[in-house]
Amino acid sequence: MEKIIRTSPEYADLPTSYTVAGIVIQPNIVLAPMVGVTDSVFRRLVLSLGGCGLVSSEMTNAASVTPKALARHHQLDFLPEERPYTVQLSGNDPQLLATAARAVEQLGANILDINCGCPSPKVTGGGHGSALLKDLKKMEAVLRAVTREVSIPVTLKFRAGWDDDSLNYLDTARMAEAVGIAALALHPRTRAQLYSGLAEWSRVSEVKQVVSIPVVGSGDVKDAADALRRLRIYGADGIMIGRGAMANPWLFQQIAQLRAGDALFQPTPADKLALLTRYLDMCLESMHERLALNKLKQLIGQFSVGMPHSAALRESVHHSATPDEARGHMDRFFEPSGFSFQSSALNNEVELLSC
Ligand SMILES: Cc1cc2nc3c(=O)[nH]c(=O)nc-3n(C[C@H](O)[C@H](O)[C@H](O)COP(=O)(O)O)c2cc1C
């Protein structure tokens, strides 16, 4: 059911929701799937701060998704407060993906998303992710097999093409709609770009012109004004935020505040320390100490970008051997010293292993 989203006259013309085959996504600001990041802990952290309408699992290889494997490893588990919940799968074998899709439906996910955008050589080397942009016939076979198999809506996340000489985002979008895909998310870089240059958002507008299913734009959204500006200029149905959510998990809340005409929450150093501490505690509750520490290190890599002297924080946390040692470094860094934090940059130096 649609809620009332408070909107100031300045933003009254912007959509506040979109619908994926009957599932209302509201607000229309969603957390991007991110391997190694968007596990249940991070999703719940973001959702608890408000303003996020949809979350997704990390991209998961369809070959590892069977009812038996899911019962044993719990890697796609979620809590009721995460609904509507999307599971994202990768793969290129229609039969295997159909089997995995059924397991995802049985798990109770609301939406199944197929990844045709991941640029990592490990993924494209196996013909998955953005490699499918080089073979739309194969992509079509995959999408057809999956949409036939399940009754939950299937969505597609993709890039603009393999490289500048093979831009095929319009053909991909048309084909996806024709086989029954319920919504699209476009990260409008090419595979060849990886994370360099800028996401060319005019491509999102172009896709909007050729399909009638919802189109969500992904890439480079860094602050609240930027998000609402892109929603307006490019006519997207929704905005997807990845690295910006790691740099500033309050971003979704701030977008809602800007839309409502309220003052934006400005986290103090104490708020930032409390958030990182909460994240670490939540990780420690649900995973091994070493993994929890690694998760903290990864979040800090983006969270601290733009903070004065933050290289020292990253360095010291990265060299911490235990969560308590990392806590000590964070406590010292964030103790009241009056610095201000401008979240104006996204870290484009994403490891090639990430999607
Ligand atoms: C660390 C990391 C992991 C990612 N993993 C995935 C993934 O699992 N599936 C996916 O579709 N995209 C993945 N992406 C791409 C993001 O979903 C998003 O499209 C891209 O980062 C551009 O948006 P941003 O500028 O808001 O980060 C990943 C990106 C990053 C930085």
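Helix α5 spans residues 136-149, and its 14 residues reach 20 Å from the first C-alpha to the last, close to the 20 Å expected at 1.5 Å a residue (1.5 Å times one less than the number of residues). The model is predicted: local features need pLDDT of at least 70, side-chain atom pairs count only at pLDDT 80 or more, and totals for chains, interfaces and linings use all residues. Residues are numbered from 1 along each chain as its sequence is written. Helices (H or I, at least four residues) and strands (E, at least two) are DSSP runs numbered from the N terminus.

Met-139, Val-142, Leu-143, Val-146 and Thr-147 of α5 are buried (20 or more other C-beta atoms within 10 Å of the residue's own, with C-beta atoms placed from the backbone). Viewed down the axis of α5, the buried residues fall within an arc of 120°, so they line one face of the helix; the arc is that of the directions from the helix axis to the C-beta atoms. The elements against which these buried residues pack are tabulated below.

| Packing partner of α5 | Residues |
|---|---|
| α3 | 94-107 |
| β6 | 111-116 |
| β7 | 154-161 |
| α6 | 169-178 |

The ligand is surrounded by 26 residues (C-beta atom, placed from the backbone, within 6 Å). The closest are Ala-32, Met-59, Gly-242, Ser-354 and Cys-355. At least two residues of this shell come from each of β4 (55-61) and α9 (243-247).

The domain assignment, automatic or from a database, gives domain 1 (9-260) and domain 2 (269-334). Eight residues of domain 1 are in contact with 10 residues of domain 2 (C-beta atoms, placed from the backbone, within 7 Å). On the side of domain 1 that touches domain 2, α9 gives the most, with three residues.

Methods: Contact = placed C-beta atoms within 7 Å. Buried ≥ 20, exposed ≤ 12 C-beta atoms within 10 Å, placed from the backbone.
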